[in-house]
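Colleague: Could you take a close look at one part of this model for me? Which positions does UniProt list for "binding site", and what lies around them?

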Amino acid sequence: QIAEWKKLQKVATQSKDGVHVELAANIGTPNDVNGVLENGGEGVGLYRTEFLYMGRTELPSEDVQFNAYKTVLEKMQGKPVVVRTLDIGGDKELPYLDMPKEMNPFLGFRAIRLCLDRTDIFRTQLRALLRASVYGNLRIMFPMIATLNEFRQAKALLLDEKEKLVSEGVQVSDSIQLGIMVEIPSTAVLADQFAKEVDFFSIGTNDLIQYTMAADRMNERVSYLYQPYNPSILRLVKMVIDAAHKEGRWAGMCGEMAGDATAIPLLLGLGLDEFSMSATSILPARSQIMKLSKAEMASLSEKALQMQTAEEVVELVRSIGM
Ligand code: PEP
Ligand code: MG
């Protein structure tokens with residue numbers, strides 16, 4: 001099997017009936033890029049930048065960030081790189097920010113909420129990203145977007161920093177796609193409206209499942225509610241993909257579900273354009289997708305959407321030998 005996967009390293013991912021999907025990787029540091037290329041990643045679908053901020057005693061400077069982003073973009077040689085802006089809070093803390101303890105950190109002051117408040121921190125990151133944008137194919141993504149106003153505010157800050165840089169004579173790319181994570185149910189439900197303003201969606205199922213099922217993703221006692229195959233989750237995923245396509249945008253997924261062999265046939269059938277996963281899952285996923293017909297998986301996923309429980313969906317996927 002490993003030999004078969006190796007042969008797929010440089011092949012673009014196509015379903016049996018000839019539909020291309022992009023298989024990208026999730027990374028946390030510039031060093032991870034080597035693994036992405038070795039495993040045949042067609043891009044980086046999620047660069048979790050919070051690791052740049054963790055394990056140090058103060059905020060990373062603009063230049064420290066610029067160098068990290070530039071390194072990733074250069075190593076990826078023109079392949080798309082989706083960089084997610086700072087997603088701190090929830091389970092990830094920064095000691096030097098001295099944030100008050102919260103009763104419900106996953107429902108609290110995190111990610112874009114913090115960035116729109118601490119605009120000093122956010123602007124520094126945006127400047128570093130904009131400066132790095134000329135070294136490759138940069139896409140910028142905002143985490144934990146719950147409302148259109150949050151997206152508009154974040155975008156306005158980005159455009160403001162871009163204008164400043166350009167007036168300082170700094171080169172900035174004009175083709176940076178700007179997207180959002182869909183990991184809060186309100187955003188999935190309103191995806192048709194978001195699709196008019198964003199360039200792409202990336203569905204963050206790790207959080208989307210947690211918030212849809214109201215089950216803390218870190219709490220073992222409620223882990224039985226963590227159900228990627230629950231028809232409610234599949235319906236939300238479908239809403240997001242359909243909304244994107246209606247406006248000519250693309251929809252990806254960067255939660256764990258994207259690399260899951262049971263979910264992949266369903267996601268292919270629902271029309272997902274980009275699957276972002278840990279690098280070591282890419283070749284197995286490519287091998288799996290090349291054996292699947294997208295048209296057949298579309299009928300399969302139609303059936304799944306009409307089912308009552310996650311168990312029934314799993315059984316359905318098993319029935320086609322997956
Ligand atoms: C997600 O929520 O699915 C996601 C990819 O983000 P993180 O796991 O970093 O919260
Ligand atoms: Mg998340």
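**A close look at the annotated positions**

Modeller: Happy to. Arg84 counts as buried because 25 C-beta neighbours lie inside 10 Å (buried means 20 or more other C-beta atoms within 10 Å of the residue's own, exposed 12 or fewer, partly exposed in between, with C-beta atoms placed from the backbone). This is a predicted model, in which local features need pLDDT of at least 70 and side-chain atom pairs count only at pLDDT 80 or more, while totals for chains, interfaces and linings use all residues. Residues are numbered from 1 along each chain as its sequence is written, and chains are lettered from A and ligands numbered from 1 in the order in which they are written.

Arg84 belongs to a "binding site" that an unreviewed UniProt entry lists at Arg48, Arg84, Asn206, Asp207 and Arg217 (positions follow the numbering used here, feature names are shortened, and annotations may be inferred rather than shown by experiment). Arg84 sits in strand 3, residues 80-84 (strands are DSSP runs of E with at least two residues, helices runs of H or I with at least four, both numbered from the N terminus). Leaving aside neighbours within four places in sequence, Arg84 is in contact with Leu46, Tyr47, Arg48, Thr49, Met141, Pro143 and Met181 (contact means C-beta atoms, placed from the backbone, within 7 Å).

Arg48 is classed as partly exposed because it has 19 C-beta neighbours inside 10 Å. Not counting residues up to four places away in sequence, Arg48 touches Arg84 as well as Asn26, Gly28 and Asp87.

Glu183 is in the loop between strand 5 and helix 8 (185-189), and Asp207 is in helix 10 (residues 205-213). Both are buried: Glu183 because it has 26 C-beta neighbours inside 10 Å, and Asp207 because 22 other C-beta atoms lie within 10 Å. Glu183 touches Asp207 itself, along with Met144, Gly204 and Leu208, not counting residues up to four places away.

The strands around here are worth a look too. Strand 5 (residues 177-182) runs parallel to strand 6 and is joined to it by four bridges (strands pair if DSSP finds at least two bridges between them). Strand 6 also pairs with strand 7 (residues 250-253) in the parallel sense, again over four bridges. Phe200 of strand 6 stands opposite Gly179 and has Trp250 as its bridge partner in strand 7. Strand 6 (residues 200-203) is covered on both faces, with Phe200 and Ser202 buried on one side and Phe201 and Ile203 on the other.

Phe201 leads us to the largest nonpolar core, which has 93 residues (a set of buried Ala, Val, Leu, Ile, Met, Phe, Trp, Tyr and Cys joined through C-beta atoms within 7 Å). Val44, Ile180, Phe201, Val240 and Leu267 have the most contacts inside that core. Helix 11 (residues 231-246) gives the most to it, eight residues. Setting aside neighbours within four places in sequence, Ile180 is in contact with residues including Met141, Phe194 and Phe201.

How values were computed
Two residues are in contact if their C-beta atoms, placed from the backbone, lie within 7 Å.
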